[in-house]
Amino acid sequence: MDLGLSGRTALVWGASRGLGYACAAALAAEGVAITIAARGAAGVKAAADRLGCQGVAADITKPEGRAAALAVCPAPDILINNAAGPKPGDFRHWQRDDWLSAIDHMMLGPIEMMRLVLDGMQSRGFGRIINIVSRSVKAPQAELGLSNGSRAGLVGFTAGLARQTIQHGVTINNLLPGPFATDAQREHVEGLVAETGRPFETIWAERVAGNPARRFGKPEELGAWCAFVCSTHAGYVTGQNLLIDGGDYRGTF
Ligand SMILES: NC(=O)c1ccc[n+]([C@@H]2O[C@H](COP(=O)([O-])OP(=O)(O)OC[C@H]3O[C@@H](n4cnc5c(N)ncnc54)[C@H](OP(=O)(O)O)[C@@H]3O)[C@@H](O)[C@H]2O)c1
């Protein structure tokens, strides 16, 4: 299927590895001119070299980071918002700064990026915005309160915005990953090891066994889905929270 994206431009955040990289790779394979962004310069360079695309070392939570990314990719047709998730823990130990960092990463950084690119997309009559969020907005995970709280703010905000932009050809959707085998997954399990003292391998195997697919997701599966939601075929899909979790969310709806 031709996704109709050849010649488009995309700014993909958090794309030096993991799910963001997979989104960038899938869009690049469709002929999209990609700019990837992440904080670590070495990781950005290595990933950009692999993808044959532009890269910029930039932090989505900082005004100067957002400006640096837009200096390299000033008028993206596609924006993928993505950054680090939070560490697991108990809310009794979190201070105001922990919450502000979580909100910057998982709510305000993405919203600011939308504000910066949206009017340009609307005036050109085409735009695709995808936020890589988490299944935690549908099924909260007890130890991920920083994510449960901050990401709910992002999806609540986009639910309203997405209904205002589609008439101008701009869709906004959220992808909600379940467990994928990435660095963030390993760090999450290491956090649970630190908190519970249980062995890494035991927790890892439990997560595999507890998923209906009996495996972790492959980043390229999320990348392919991201590319489809960006495609011309998905122009009537907006404001949706799209789970990709091997069926882990047990609700009928
Ligand atoms: N993997 C899963 O199972 C899973 C499940 C549910 C939700 N998620 C969420 O999906 C997102 C991506 O997960 P992942 O597994 O791909 O993580 P990952 O493998 O750790 O990759 C995260 C990427 O984001 C970049 N990044 C982090 N903070 C950034 C910032 N402030 N500004 C710009 N770039 C930043 C990282 O590079 P630098 O560190 O160099 O900046 C890296 O390129 C996270 O929010 C995660 O919580 C993941």
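The views below show a predicted model.

View 1. Helix α1 (18–29), strand β2 (33–38) and helix α6 (183–196) each contribute at least two residues to the shell around the ligand. The ligand has 30 residues around it, and those that come nearest are Gly14, Gly18, Arg39, Gly40 and Gly85. By class, the shell holds 13 nonpolar, 13 polar and four charged residues.

**View 2. The seven-stranded sheet.** Seven strands form an open sheet with parallel pairing, in the order β3-β2-β1-β4-β5-β6-β7. The edges are β3 (54–57) and β7 (241–244); each has a single partner strand, so one side of each has no neighbour in the sheet. From one strand to the next, the twist averages 20 degrees.

**View 3. Strands β4 and β5.** Strand β4 (residues 78–81) and strand β5 (residues 127–132) run parallel and are joined by four bridges. Leu79 has Ile129 in β5 as its bridge partner.

**View 4. Helix α5 on the sheet.** Helix α5 lies across β5, β6 (170–177) and β7. The direction of α5 is at about 150 degrees to that of β6.

**View 5. Packing of helices α4 and α5.** The axes of α4 (residues 96–124) and α5 (residues 145–165) come within 8 Å and cross at roughly 15 degrees. Angles under 35 degrees count as roughly parallel, and the two helices are therefore roughly parallel to each other. Their crossing is right-handed. On the α4 side, the contact is made by Asp98, Trp99, Ala102, Ile103, Met106, Met107, Pro110, Ile111, Leu118 and Gln122. On the α5 side, the residues are Leu146, Ser147, Ser150, Arg151, Gly153, Leu154, Phe157 and Thr165. The contact consists of eleven nonpolar, five polar and two charged residues.

**View 6. Packing of helices α1 and α8.** Helix α1 packs against α8 (residues 219–230) at an angle of about 50 degrees, and their axes are 7 Å apart. The two helices are therefore oblique to each other. The crossing of α1 with α8 is right-handed. From α1, the residues that meet α8 are Gly18, Leu19, Ala22, Cys23, Ala25, Ala26 and Leu27. Their counterparts in α8 are Pro219, Glu220, Leu222, Gly223, Ala224, Cys226, Ala227 and Cys230. This contact of α1 with α8 has twelve nonpolar residues, two polar and one charged.

Notes. Residues are numbered from 1 along each chain as its sequence is written. This is a predicted model: local features need pLDDT of at least 70, side-chain atom pairs count only at pLDDT 80 or more; totals for chains, interfaces and linings use all residues. Axes are lines fitted to C-alpha atoms, for helices over the stretch in contact, and angles run from 0 to 180 degrees between N-to-C directions. Angles under 35 degrees count as roughly parallel, over 145 as roughly antiparallel, 65 to 115 as roughly perpendicular and the rest as oblique. A crossing is left-handed if the near helix is turned anticlockwise from the far one by less than a right angle, and right-handed if clockwise. Two residues are in contact if their C-beta atoms, placed from the backbone, lie within 7 Å. Ala, Val, Leu, Ile, Met, Phe, Trp, Tyr, Cys and Pro count as nonpolar, Asp, Glu, Lys and Arg as charged, and the others, Gly among them, as polar. Two strands pair if DSSP finds at least two bridges between them. A residue is near a molecule or strand if its C-beta atom, placed from the backbone, lies within 6 Å of it.
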